[in-house]
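Hello,

Here is the structure I said I would pass on. My notes follow below it.

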Protein chains: 2
Amino acid sequence: MPGNLSRQIEFILEIDKLKAVLRRTYLLTEKRRENSAEHSWHTALAGLLLAEHADLELDCSKLVKMLLVHDLVEIDAGDTFCYDRQGMEGKAEREQQAAERIFGILPETQGAELMSLWLEFEACQTNEAKFAALMDRVTPLLYNFHGKGGSWKEHGVTSAQVRDRIASVPQISKTVEAFLFNLVERAVEAGYLEE
Amino acid sequence: MPGNLSRQIEFILEIDKLKAVLRRTYLLTEKRRENSAEHSWHTALAGLLLAEHADLELDCSKLVKMLLVHDLVEIDAGDTFCYDRQGMEGKAEREQQAAERIFGILPETQGAELMSLWLEFEACQTNEAKFAALMDRVTPLLYNFHGKGGSWKEHGVTSAQVRDRIASVPQISKTVEAFLFNLVERAVEAGYLEE
């Protein structure tokens, strides 16, 4: 087996583990927590579908790749609940180590490319990274809204926290942002989210 | 909310259902069957990583999109086990109807684009469709091999059936094909697969 293929197959086997990393969000179809692999699929497709609403130019191919790999570090570092302050401490360091090990399985050039995509996502400075970060907020908000509170209620999350989480993404799509802020308002009105 | 966004959000909510469609394959990390959403994520990434082994030119961005949507029809049509002859009857018709309903949720142009990608995948004539079909064989084979027989044993699948399944993909990557045929040989030797 050629060297590249051997390392690529090892990586493909390794990332099976992302399917066992559970997020806080509950699915709508089944009453179970979402795993990070299916979440990555969902956000990648959401990115592809909603890209037309970006206010600045996007490289869609890069956006989709970024969303496919954005949570791979959770294989080692676990999913950190975004509203858990304590958990957020040390997150960057844990994830950096994870990225080095996991992307290090791949052939060097390919591993470096994915590492750089992941770092770009984390830095949230480019148009693609900003839009990816926004997509990362879309499905959890939809789930919690349509699940009548879902993990917001379970963890006592307030509307201010959810608004901060949306606002933490540098502006990239007025349309999607407005939709999300409106969803928060409707969630408060419906009693799904504490004011 | 702009009309396009409203239909796109409806679609994003709808496709949550793919996470409840179970395939026959067992994961390696957890002893449970894989669902079609996490499978779609896995094959999309596999496509991205292994594209360099294609013998003909590939449009990677199209390949990844195709793999992200290739199983969406299973929301209505269910996952048909590829070694189940009876199940394969009427599959095309069931899936065509499903595609019309599901892609029909989207704004017209976008829905038509995804429909056409899915039809291209099914027809398996273009380089991207052939490579996508090959990727669709990679992870199940890896799972069954590393799971010491997994769903092959459970359903009495033979090596001839697995070889036919690989050979049914028009030639697109000698390297990946050789790897898969070799895996079948090793599976027979190890007693994971009946000759």
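**Helix packing in chain B**

In this predicted model, α8(B) and α11(B) run roughly parallel to each other, a label given to angles under 35 degrees, with over 145 counting as roughly antiparallel, 65 to 115 as roughly perpendicular and the rest as oblique. Helix α8 of chain B covers residues 127–146 and helix α11 of chain B residues 174–189; their packing angle is about 25° and their axes are 11 Å apart. Axes are lines fitted to C-alpha atoms, for helices over the stretch in contact, and angles run from 0 to 180 degrees between N-to-C directions. Helices are DSSP runs (H or I, at least four residues), numbered from the N terminus.

Among the residues making this contact are B:Leu134, B:Leu141 and B:Phe145 of α8(B), and B:Phe179, B:Leu183 and B:Arg186 of α11(B). Contact means heavy atoms within 4.5 Å. The contact of α8(B) with α11(B) is made up of 12 nonpolar, no polar and three charged residues. Here Ala, Val, Leu, Ile, Met, Phe, Trp, Tyr, Cys and Pro count as nonpolar, Asp, Glu, Lys and Arg as charged, and the others, Gly among them, as polar.

**Helix packing in chain A**

In chain A, helix α10 (residues 159–167) packs against helix α11 (residues 174–189) at about 175°, with 10 Å between the axes. α10(A) and α11(A) are therefore roughly antiparallel. A:Val162 and A:Ile166 are among the residues of α10(A) in this contact, and A:Leu180 and A:Val184 among those of α11(A). The contact of α10(A) with α11(A) divides into seven nonpolar, one polar and three charged residues.

**Between the chains**

Chain A puts 50 residues in contact with 50 residues of chain B. The two chains bury about 4400 Å² between them, 75% of it on carbon and sulfur atoms; buried area is the accessible area (1.4 Å probe) that two parts lose on being put together, summed over both. On the chain A side, A:Lys19, A:Trp41 and A:Leu49 lose the most area to chain B, together 18% of what that side buries.

**Salt bridges**

A salt bridge is a side-chain nitrogen of Lys or Arg within 4 Å of a carboxyl oxygen of Asp or Glu. A:Lys19 forms a salt bridge with B:Glu34, with 2.8 Å between the closest N and O atoms.

**Conventions**

Residues are numbered from 1 along each chain as its sequence is written, and chains are lettered from A in the order in which they are written. Local features need pLDDT of at least 70, side-chain atom pairs count only at pLDDT 80 or more, and totals for chains, interfaces and linings use all residues, while side-chain values use heavy atoms, without hydrogens and water.

Regards

Methods: Helix = DSSP H or I, 4+ residues; strand = E, 2+ residues; numbered from the N terminus.
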